[in-house]
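Let us walk through this structure together, one neighbourhood after another. Please keep the sequence and the 3D view open as you read.

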Protein chains: 2
Amino acid sequence: MKILQKKKRAHYLQAYPVAHLFSFDIEESIQVHEYDRGEWIIKEGQPPDYLFYLIEGKAKIYITHQNGKVSLLNFINEADYIGEMELLHEGYYSKGIQTTTKTICFAIPFRNWREKLLADVKFLRHLSIQLSDKATHMSMKYSQSLAFPLENRLADFILQTADNDLYKEKHVTVCDFLGVSYRHLLHVLAQFCDKGFLKKEGHAYKISDKSAIEELAGMLRNG
Amino acid sequence: MKILQKKKRAHYLQAYPVAHLFSFDIEESIQVHEYDRGEWIIKEGQPPDYLFYLIEGKAKIYITHQNGKVSLLNFINEADYIGEMELLHEGYYSKGIQTTTKTICFAIPFRNWREKLLADVKFLRHLSIQLSDKATHMSMKYSQSLAFPLENRLADFILQTADNDLYKEKHVTVCDFLGVSYRHLLHVLAQFCDKGFLKKEGHAYKISDKSAIEELAGMLRNG
DNA sequence: GTTATAATATGAGAAATCTCATATTTCTAC
DNA sequence: GTAGAAATATGAGATTTCTCATATTATAAC
């Protein structure tokens, strides 16, 4: 990790203005952190000293269970906060946050700013909306994971991530994200190929019967 | 549902003061709603017109999936908000909220108060903490449900709900909550009895080997 | 470049969990 | 208090998903 200074710092602060997120002027106190691909922004169990705001790049939230299984809880993208749980709750058990690409974050030190942030309407309103999205999203994932077999959840994931009808996510990542074994994921992908829904092309899969995949994924929707 | 008036209304407003939750005086606008056991405070898919604050009683959050399965997402207790998702997001798909006991809620109409609430520091701070708890809680449930078999999750649930080492929750509710079939739940309970962890007493179960149950439940903890 | 590490791939058997069928008991509404 | 609905209970067989073993590629580090 590198803390950017001077010109580089100024560049990012100008390119991604955040004044609208706060009622007060915080620019002076914002650090700009740059992480290489694969670096950990937060190590599991080690609470950070900063509230981060991701401006460029992508990251993943991981938690490790006692039985050795690892869950990929969610992806983090531009304009997402990191460390907001630790801001709100001292003693919170921090999840691990790992970048997937080179990533730039704004970092606001808790030390001087926690109280001011927690008393700022603009910030809190924005944060509340983000937290409610997060809670809703996790609730949906939870109930869907219990109500539907992998077939449906994978179909949904394929549609969400396919680029131009070509699905090419890493199997290992997908296992952690959907919470199934590598073996089973491959098994269901093979089934999709057998049924003619997908066609394997090297390490990627071409969607060959989109409506069939959409029907499986559609089962997750309610209402 | 009954909207309480005059003496009854005044009684609850006095018994459960909420002035500390808001920066402005909202008492005049608060309605006091009384629900019988089993009534729906919010029907699934039908967004409410009020932000509720539960002051007496208990309720459950349900969602129904297309395949007919029903998930009990969580329990709602005293001092929890209801309808806060709808406050933050117009167009949110409302989950069903059903009372388990006679329940009293304060009800604040969105119509006149949405904007004021969303501009109030005290309210937003309190709400943010509640939402972050909710998000964290759902994340944990989600990842645990994928990482551990029912054995461990049930052990945890038994410890959380047992009263004086006696577990007597309704099986049907527990199935919806833990997301497993009735058949399987009974199967694992029977296993616990076989192993001497529980002893069946009528329709309840006495914890006869607490440390065994605690060990199973302890697997869920991380860190 | 080479070597270690990570990712892909597949088989076989076992465990977890589900569906369906069916019976009995307990609640609840009238 | 009685009928209908909800909850409990159990068996048998089918699916879903996991574990483990083992091979082959691809990627990253020196």
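B:Y205 has a relative accessibility of 4% and therefore counts as buried, where buried means under 20% relative accessible area, exposed over 50% and partly exposed in between, with a 1.4 Å probe and protein chains only. This is a predicted model, in which local features need pLDDT of at least 70 and side-chain atom pairs count only at pLDDT 80 or more, while totals for chains, interfaces and linings use all residues. Residues are numbered from 1 along each chain as its sequence is written, chains are lettered from A and ligands numbered from 1 in the order in which they are written, and side-chain values use heavy atoms, with hydrogens and water left out.

Which aromatic residue pairs with B:Y205? It is B:Y167: the ring centres are 6.2 Å apart and the planes stand at 50°, so the pair is tilted. Rings of Phe, Tyr and Trp (its six-membered ring) pair if their centres lie within 6.5 Å; planes under 30 degrees apart count as stacked, over 60 as edge-to-face and the rest as tilted. The two residues link distant parts of the chain, with B:Y167 in strand 10 (residues 166–167) of chain B and B:Y205 in strand 12 (residues 204–207) of chain B, 38 residues apart. Helices (H or I, at least four residues) and strands (E, at least two) are DSSP runs, numbered from the N terminus. B:Y167 is buried too, at 0% relative accessibility.

Over all chains, the count comes to 24 aromatic pairs. Take B:Y81 and B:F123 next: with centres 5.5 Å apart and planes at 75°, this pair is edge-to-face. B:Y81 belongs to strand 7 (residues 81–82) of chain B and B:F123 to helix 4 of chain B, so the pair ties together parts that are 42 residues apart in sequence. B:Y81 is buried at 4% relative accessible area, and B:F123 is buried at 0%.

Strand 7 and strand 4 of chain B pair in the antiparallel sense over two bridges; two strands pair if DSSP finds at least two bridges between them. Strand 4 (residues 50–56) of chain B also pairs with strand 9 (residues 103–109) of chain B, again antiparallel, over six bridges, and there B:L54 has B:C105 as its bridge partner. Five of the seven residues of strand 4 of chain B are buried, so the strand is largely enclosed by the rest of the structure.

Now turn to chain A, where an open sheet of four strands runs in the order 3-8-5-6 with antiparallel pairing. Its edge strands, strand 3 (40–42) and strand 6 (70–76) of chain A, each pair on one side only. Strand 5 (residues 59–64) and strand 6 of chain A are joined antiparallel over six bridges, with A:Y62 opposite A:L72. Helix 4 (residues 121–147) of chain B packs on this sheet and touches strand 5 and strand 6 of chain A, contact meaning heavy atoms within 4.5 Å.

How do the two chains relate? Chain A can be laid on chain B with an RMSD of 0.0 Å by a turn of 180° and a shift of 0.0 Å along the axis, by least squares on the C-alpha atoms of residues with pLDDT of at least 70 in both. That is the relation of a two-fold axis. In chain A, the C-alpha nearest the axis belongs to A:A135, 2.0 Å from it.

Conventions
Axes are lines fitted to C-alpha atoms, for helices over the stretch in contact, and angles run from 0 to 180 degrees between N-to-C directions.
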